[in-house]
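Thank you for making time for this one. Please have the sequence and the model open side by side while I talk.

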Amino acid sequence: MTLDRLTITLPWPNPALFPNAKGGKHWASFQAPKVRARQDGYLAARQALGRHTFSPSDRMPVSVMFAFPDRRNRDIEGCIGAIKHYVDGIAKALGVDDKIFRPWTLDDCLDTKKQGFVIVELGA
């Protein structure tokens, strides 16, 4: 069966992956969280696919819901930067280049369990 929509739930990004957390630190200090996020994105996408296939077109709309773990004020652009490696892993799992993920729709809410998570929906 071929899917035209895919919903992927991911854990809240590692704090080290937020662009404002870099603070002049050496790039290698962020390598392990980046690799882990790419793996998490890949595995979550494969799990969401199951035995189905996903037929991408030349443009695939993306909707992202950031469920914040607390009421702290967050910069939405920083949140986008923090999930970059998740998106790379998702694209690899689907066998596509992430440049087809357009347009992007962003929203946020508060996670009542205070853990935080990200929901990525691909497709029409």
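This is a predicted model: local features need pLDDT of at least 70, side-chain atom pairs count only at pLDDT 80 or more; totals for chains, interfaces and linings use all residues.

Residues are numbered from 1 along each chain as its sequence is written, and side-chain values use heavy atoms, with hydrogens and water left out.

Let me start with the chain as a whole. Its secondary structure comes to three helices and six strands, where helices (H or I, at least four residues) and strands (E, at least two) are DSSP runs numbered from the N terminus. Read from the N terminus, the elements follow the order β-β-α-β-β-α-α-β-β. The C-alpha trace spans about 45 × 35 × 25 Å along its principal axes. For 124 residues, a compact globule would have a radius of gyration near 14 Å, and the 15 Å of the protein chain agrees with that; the radius is taken over C-alpha atoms, and the globule rule is 2.2 Å times the number of residues to the power 0.38. Of the contacts with a separation of 6 or more, 85% are between residues 24 or more positions apart, contact meaning heavy atoms within 4.5 Å. Of the 124 residues, 38% count as buried, that is, under 20% relative accessible area, with exposed over 50% and partly exposed in between (1.4 Å probe, protein chains only).

Now the aromatic residues. How many aromatic pairs does a search of the whole structure find? It finds two, with rings of Phe, Tyr and Trp (its six-membered ring) pairing if their centres lie within 6.5 Å, and with planes under 30 degrees apart counted as stacked, over 60 as edge-to-face and the rest as tilted. Tryptophan 12 and phenylalanine 18 form a tilted pair, 6.0 Å centre to centre with 35 degrees between the planes. Tryptophan 12 is buried at 16% relative accessibility, and phenylalanine 18 is buried at 17%. Tryptophan 12 also pairs with phenylalanine 68, and here the centres are 5.7 Å apart and the planes at 90 degrees, so this pair is edge-to-face. Because tryptophan 12 lies in the loop between strand S2 (5-11) and helix H1 (31-49), and phenylalanine 68 in strand S4 (residues 60-68), the pair ties together parts that are 56 residues apart in sequence.

Phenylalanine 68 is buried at 10% relative accessibility, and, beyond four places in sequence, its contacts include Trp12, Arg74, Cys79 and Asp108. Its C-alpha atom is separated by 7.0 Å from that of phenylalanine 117, 49 residues apart along the chain.

Next, the largest pocket, which holds about 260 Å³ of space. Of its 13 lining residues, Trp12, Pro15, Phe18, Arg72 and Arg74 lie nearest its centre. On a 1 Å grid over the protein atoms alone, a pocket is an open set of points where a 1.4 Å probe fits, with protein on both sides within 12 Å along at least five of seven lines, and lining residues have an atom within 4 Å of a point; the volume is the space filled by probe spheres set on the points, which are joined across faces, edges and corners.

Finally, histidine 85 is found in helix H3 (residues 84-94) and is buried at 10% relative accessibility. Leaving aside neighbours within four places in sequence, histidine 85 is in contact with Leu17, Lys34, Ala37 and Arg38.
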